[in-house]
Amino acid sequence: MGLLSEHLPLSKRIAAELRAAIMQGELAPGAVLPSERQIIAQYGTTKATAGKALPIWSPRVW
């Protein structure tokens with residue numbers, strides 16, 4: 001991630017990292033995204049932040 005991403009809210013950075021994982025083939029199209037609990041554990045964030053990161057994906061189809 002670039003310097004500009006440091007200024008994004010954590011929820012948007014998490015969503016961007018998920019997108020990058022898909023684009024790089026780390027997550028296959030149609031794969032199940034990490035759960036809210038997994039995001040909380042991985043990023044050391046709150047439920048509210050993790051909950052904001054996941055709906056960003058709801059309208060997108062991969």
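View 1. K47 counts as exposed, with a relative accessibility of 59%, where exposed means over 50% relative accessible area, buried means under 20%, and partly exposed lies in between, all with a 1.4 Å probe and for protein chains only. The model is a predicted one, in which local features need pLDDT of at least 70 and side-chain atom pairs count only at pLDDT 80 or more, while totals for chains, interfaces and linings use all residues. Residues are numbered from 1 along each chain as its sequence is written, and side-chain values use heavy atoms, with hydrogens and water left out. K47 forms a salt bridge with E36, and the closest N and O atoms of the pair are 4.0 Å apart; a salt bridge here is a side-chain nitrogen of Lys or Arg within 4 Å of a carboxyl oxygen of Asp or Glu. The pair links distant parts of the chain, with E36 in helix α2 and K47 in helix α3, 11 residues apart. E36 is partly exposed, at a relative accessible area of 27%, and a search of the whole structure finds one salt bridge.

**View 2. Thr45 in the loop between α2 and α3****.** T45 is placed in the loop that runs between α2 (36–43) and α3 (47–53), the helices being DSSP runs of H or I with at least four residues, strands being runs of E with at least two, and both numbered from the N terminus. T45 counts as buried because its relative accessibility is 13%. The side chains of T45 and T49 are joined by a polar contact of 3.5 Å, a term for a pair of N or O atoms within 3.5 Å in which, within protein, one must be able to donate a hydrogen and the other to accept it, residues adjacent in sequence counting only if both atoms are side-chain atoms. Leaving aside residues up to four places away in sequence, T45 touches L10, I14, I39, I40 and A50, where contact means heavy atoms within 4.5 Å.

**View 3. The largest nonpolar core****.** Eight residues make up this core, namely I14, L18, A21, I22, L27, I39, A50 and A53; a nonpolar core is a set of buried Ala, Val, Leu, Ile, Met, Phe, Trp, Tyr and Cys residues joined through side-chain atoms within 4.5 Å. The elements that give two or more residues to the core are α1 (10–23) and α3, and α1 gives the most, with four residues.
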